[in-house]
Amino acid sequence: MLGTQIKDVILKPDAPSSLLLDKHADYIAAYGSKKDDYEYTLSEYLRMSGIYWGLTVMDLMGQLDRMNLQEIIDFIKACQHDCGGFSASIGHDPHLLYTLSAVQILCLYDSLHAIDVDKVVEYVKGLQQEDGSFAGDKWGEIDTRFSFCAVATLALLGKMEMINVDRAVEFVLSCMNFDGGFGCRPGSESHAGQIYCCTGFLSLTGQLHQLNADLLGWWLCERQLPSGGLNGRPEKLPDVCYSWWVLASLKIIGRIHWIDKSRLRQFILACQDEETGGFADRPGDMVDPFHTLFGVAGLSLLGEEQVKAVNPVLCMPEDVLQRIGLQPDLLS
Amino acid sequence: MQKIYEAELSFLEACLKVNPKSYGSWHHRGWVSARLPRPDWARELSLCDRCLSLDDRNFHCWDYRRMVVKVSGVPVDQELEFSDRLIGSNFSNYSSWHYRSTLLPVLHPQTRQEPPHASSPRGPQSHRVCEEQLLKEYELVQNAFFTDPNDQSAWFYYRWLLGRAEREETISCVYVSREDERVAVAFSRPINARCVGLLLVLDGQPLRVEWRSVHPRFRHSPVLICDLPPGTINDVTNEHNLTVHWTGNHTHRDCALYTGRVESWCRDTATDQELFRSELSVEKTSVLQSELQSVKQLQELEPLNKWCLLTIILLMRALDPLGYEKETLAHFQTLKEVDSMRSEYYSDLCCKFMIENTILKMEYAEVRVFSITDRNLTSLCHLDQLLLVTHINLSSNRLQRLPPQFAMLQCLEVLEADNNFLENLEGVYHLPRLQEVSLKNNKISTLTDLQPLASCPELKRLDLRGNPVTQAASVESDLAELLPSVTDLLL
């Protein structure tokens, strides 16, 4: 019967099969050294997150000391606006996404004192809407990603009680779909990225019991394709970043054993670039720091010994969170 | 103003042509449209139609369409027709089925007998769809997966249709023990022990008590317990009437403790609660029966299609969980071979169904003994349904832990779990009646692993033969110190 072909990639037999950690560390350490590189300039609009991706993966590989702490802290300070929020880069507008990234970076460096913490809290609080949702910035885009950014930022600062948590929870739960997953807004289709944000959100707000873990876990484990890689929703191609969004979600709901770990590991390793270092979204494509972090973080969740333990809720090294005293709930 | 905004919309259309997946472009278009003095929603809908015809999985476009539909008041049945057209025209149509799942409960709600509770049940589309429409929907989906058995969207949607409706919020069991002067209450969902709105009334008088979860590791529990003030009910010559009020949900449960009785309970069975399957009307039963036959025929044509196998299992569960037990287990075996990447999922799902069947059998037999042995059980669930169980036998399975939720077995007297892989006994915690524990041939390796047992005051017999911990030098004296109540120790 000729029906739908399964969308997937085929792993070549000569694809990388061992973890090239040093190459990745070299790739990240050198990234951004050429400030007028085309790709680098074009991604200025997300620079703060780019820095968070690079520093986190370096810390997971035990090589954070290769990065320039002072330069980065100065950059972050220069990105805090009067309203308290952080922009992606100097001269850009503030946004919740980059506010979270900034706070995460400062936690890595144990340097929260460098910024006005109360102002950050004020900024986050000001973005909560009547229905409990969060806008990304003053222009009003609503998305469950921003609910996650808000509670994650406040959790790291120890100030969760400053927002209306019950309302925020109500809004996120109103985004739960027939398949147990979550979308951007009520009525939006389930998507692994949104699911990661919502399960992370429910973990941080102590509401994981509101999930249908068996149903959601099934939807998530069905993301695994014959190549071993994970996609973000049905009928899509696998992408190494979903090895993070899907895997972390499964870990949070206590069902990580529902995917085939060795097949996934094989896929993630195949996404490495042996020459340049770094990970691409799929084997053979161009690498970037985003996919490099999520490839390494995914491997950490799979138990990779050469990499530090990563926290599935916040995508930060566990030892950093232990230092802060933040241990978000996980289902077992 | 209209002219400026119109120009912006033209500009945005050009942007969307280049990148139809830009959050910013769609948000800005929505921002402009909302401020247009004379918005043209028909044009916005037609933009969505064009965009979806190029890529009907573009969730930005779907979300924008939902906003336009809401603001301009497009009728739900029109949108349902729209989803019909899209489903019919495309293979990759998960977004359309998803949209349908949001429209159906609005268009064809199940009318409830009583008014909805103040805090209605959460969860995926908690509103029921009326039966007439449901049966039509089964037909629609069946056509889809018979046309293309590899169209996974239809199978996902079908599973949702088969799923039972959300449970009513209720107190499913109240248990009272005269000796322990303790009350245990089971709810239809986990609740926070510190949640206001639980009232205990004894013999017509409200009683001040402190509710707690059965284990400190989880604050939200489906079973809560409280201790009554000493001397309240311990005189066996007295009869008492107890009521637990769940005020937030306008529901309550009574329990009478008779003279001469040391314990009492009042409970809805799993069948009463429609816990494992919904009550089926005659019409629905016959529809599902014929669907089962059809999917079985399809499975013979497509032996490697895991969706068929899984759906057959789900249909059997919906129709007759006990009657189809053997066949279900056989299908799980095949499923694990056909879709080996997800074999752990199928194992856990199979465990869940076997536990459900064991609960059903236990209830039909009206006994308080729960036994699943030699079934490759890898995990435990539905422990909140085992509140009244006095004897449990989990021997010869593949369990690695007795999780904190195990502490819900408040009436447990005998625990047998030989020949497993147990190394964690967290859930054997403050079980007031537990007297006998057999854990032969497990993986208990340190004294710390046995720590939870020390919280069980009545524990007298403990069999630890075949565990690594018995090899430790001072194990006998260590255990005598840790578990002083144990008189019968086998190492």
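At what angle do helix H9 (residues 282-301) of chain B and helix H10 (residues 306-319) of chain B pack, and how far apart are their axes?

## Packing of H9 and H10 in chain B

In this predicted model, the two helices pack at an angle of about 155°, and their axes are 9 Å apart. Because angles over 145 degrees count as roughly antiparallel, H9(B) is roughly antiparallel to H10(B). Their crossing is left-handed.

On the H9(B) side, the contact is formed by Thr285(B), Leu288(B), Gln289(B), Glu291(B), Leu292(B), Val295(B), Lys296(B), Leu298(B) and Gln299(B). These residues meet Cys308(B), Leu309(B), Thr311(B), Ile312(B), Leu315(B), Met316(B), Ala318(B) and Leu319(B) in H10(B). Sorted by class, the contact of H9(B) with H10(B) comprises 11 nonpolar, 4 polar and 2 charged residues.

## Packing of H6 and H8 in chain B

The crossing of H6(B) and H8(B) is right-handed.

Tyr94(B), Trp97(B), Arg100(B), Ser101(B) and Leu104(B) represent H6(B) in this contact. Their counterparts in H8(B) are Ser153(B), Ala154(B), Phe156(B), Tyr157(B) and Trp160(B). By class, the contact of H6(B) with H8(B) has 7 nonpolar, 2 polar and 1 charged residues.

## Interface between chains A and B

Between the chains, 47 residues of chain A are in contact with 45 residues of chain B. The area buried between chain A and chain B is about 4200 Å², with carbon and sulfur atoms giving 56% of that area. Within chain A, the residues that lose the most area to chain B are Phe178(A), Glu189(A) and Trp218(A), which together account for 21% of what that side buries.

The count of salt bridges between chain A and chain B is 6. A salt bridge also joins the side chains of Lys352(B) and Asp214(A), at 2.7 Å from N to O.

## Salt bridges over all chains

Over all chains, the count comes to 46 salt bridges. One of the pairs in chain B is Arg29(B) with Glu44(B), whose side chains meet at 2.7 Å, N to O.

Notes: Residues numbered from 1 in each chain as written. Chains lettered and ligands numbered in written order. Predicted model: local features only at pLDDT ≥ 70, side-chain atom pairs only at ≥ 80, totals over all residues. Heavy atoms only, no water. Axes fitted to C-alpha atoms, helices over the stretch in contact; angles between N-to-C directions. Helix = DSSP H or I, 4+ residues; strand = E, 2+ residues; numbered from the N terminus. Parallel < 35°, antiparallel > 145°, perpendicular 65-115°, else oblique. Left-handed = near helix turned anticlockwise from the far one by under 90°. Contact = heavy atoms within 4.5 Å. Nonpolar A, V, L, I, M, F, W, Y, C, P; charged D, E, K, R; others polar. Buried area = accessible area lost by both parts, 1.4 Å probe. Salt bridge = Lys/Arg side-chain N within 4 Å of Asp/Glu carboxyl O.
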